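Please keep the sequence and the model side by side while reading.

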Amino acid sequence: MPPFASFADLRAVCLDLPGGHPAASSAVAMREDTLTKPPKSLGRLEEVTAFLAHWQGHAPPRLERTEVLVFAGNHGVTAQGVSAYPAEVTGQMVANFSHGGAAINQLARAAGASLRVIPLELETPTADFTESPALGEAEFIAAVATGYDAVEPESDLLCLGEMGIGNTTAAAAIAAALFGGGGERWAGRGTGVDDLGLARKRDVIDRALARHRFILNDPLRIAAAFGGRELAAILGATLAARRHNIPVLLDGFVCTAAVAPLYKLRTDTLSHALAGHVSAEAGHRALLDELNLKPLLDLDMRLGEASGAATALLLLRAALACHTGMATFAEAGVTDKPADDGAEPKAAG
């Protein structure tokens, strides 16, 4: 059972987090300096290997048990005409996932990760957040708990994603509530709405911000008022991963917005998370900047369903392969760089 049953409990858990393992990341950095390459020449590949070690507590780190978790939910705000697709597509796509027919099925397989898709009460959409909070406290906590409990404590890495018609509107509303700027700054075309649809989306967000103006100082209440069950579950899974020292790869705009309330509660809460990519959805790059997250990939993707995170996992595997498979200067008999004191270089070994 998760250690929270209310906003107050959840807030306390979010503020009481374990750190990483600096000895493990230091060991990785020391090995990198002995490998047959100029110092730091693999750039961020070296950084992400140290990152994995820091949170796993292993040097070298491992990517043997990697999992993709995709949470799915439906949103009452779709009644406002904010999506190019009807709400029933969420359930249809969940069925497609189960039959192996979606992009994430192929990407998870290619990345060597297991895939679990967890639908959350698709038959009961959240409330329309222009009229009331999307989720009440009990509903929100239950969805967070679903995500929290879904995390396997022995995992080496967790990729997170979502599916939910209308959820880019929810994500944009959360971003606007947390960081300001309204619908104009954060709303994008999502599933492909036209200019009128985009205008409706921005108006919906601004009306919702006005309705819920009295809770805009509380990140968790913002998540409940504007979000959805799948976003709450992503928040819960990210929190559980931190408490189990599991590194996380985040997907696109919706996934990033889902965890943004954690950052507002405590700015180092997402230290165990990497942004798998920056999506083409309007607002994602600005949101990553607000969270001080530097994306690994920029491929103009905007699919969701953890597709960017799973693609980034391939990059992490490349980084780990270099770290563990390369020879050291001594092993290869290659001359190391000259000593800093001006002494003549000598052959390693």
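In which helix is Glu-32 found? Glu-32 is found in helix H2, where helices (H or I, at least four residues) and strands (E, at least two) are DSSP runs numbered from the N terminus. The model is a predicted one, in which local features need pLDDT of at least 70 and side-chain atom pairs count only at pLDDT 80 or more, while totals for chains, interfaces and linings use all residues. Residues are numbered from 1 along each chain as its sequence is written, and side-chain values use heavy atoms, with hydrogens and water left out.

Glu-32 counts as buried, at 4% relative accessibility; buried means under 20% relative accessible area, exposed over 50%, and partly exposed in between, with a 1.4 Å probe and protein chains only. Leaving aside residues up to four places away in sequence, Glu-32 touches Lys-37, Glu-46, Thr-49 and His-323, a contact being heavy atoms within 4.5 Å.

Two of these partners, Glu-46 and Thr-49, belong to the packing of H2 on H3. The axes of helix H2 (residues 22-32) and helix H3 (residues 44-56) come within 7 Å and cross at roughly 150°. Axes are lines fitted to C-alpha atoms, for helices over the stretch in contact, and angles run from 0 to 180 degrees between N-to-C directions. H2 is therefore roughly antiparallel to H3 (angles under 35 degrees count as roughly parallel, over 145 as roughly antiparallel, 65 to 115 as roughly perpendicular and the rest as oblique). The crossing of H2 and H3 is right-handed; a crossing is left-handed if the near helix is turned anticlockwise from the far one by less than a right angle, and right-handed if clockwise. From H2, Pro-22, Ala-24, Ser-25, Val-28 and Glu-32 take part, and from H3, Glu-46, Thr-49, Ala-50, Ala-53 and His-54. By class, the contact of H2 with H3 has five nonpolar, three polar and two charged residues (Ala, Val, Leu, Ile, Met, Phe, Trp, Tyr, Cys and Pro count as nonpolar, Asp, Glu, Lys and Arg as charged, and the others, Gly among them, as polar).

Helix H10 (residues 219-226) has a contact with H1 (residues 7-14), their axes coming within 10 Å and crossing at roughly 120°. That angle makes H1 oblique to H10, and the crossing is right-handed. Phe-7, Leu-10 and Arg-11 of H1 meet Leu-220, Arg-221 and Ala-224 of H10. Four nonpolar, no polar and two charged residues make up this contact of H1 with H10.

H10 also packs with H7, at an angle of about 150° and with the axes 9 Å apart. H7 is thus roughly antiparallel to H10, again in a right-handed crossing. Here Ala-170, Ala-173, Ile-174, Ala-177 and Leu-178 in H7 meet Pro-219, Ile-222, Ala-223 and Phe-226 in H10. The contact of H7 with H10 divides into nine nonpolar, no polar and no charged residues.

H7 itself (residues 167-179) has 13 residues and reaches 18 Å from its first C-alpha to its last, close to the 18 Å expected at 1.5 Å a residue, the expected span being 1.5 Å times one less than the number of residues. Since 13 of the 13 residues of H7 are buried, H7 is largely enclosed by the rest of the structure. Just after H7, Gly-180 takes a positive phi of about 80°.

From Glu-131 to His-277 the separation is 146 residues in sequence and 34 Å in space, C-alpha to C-alpha.
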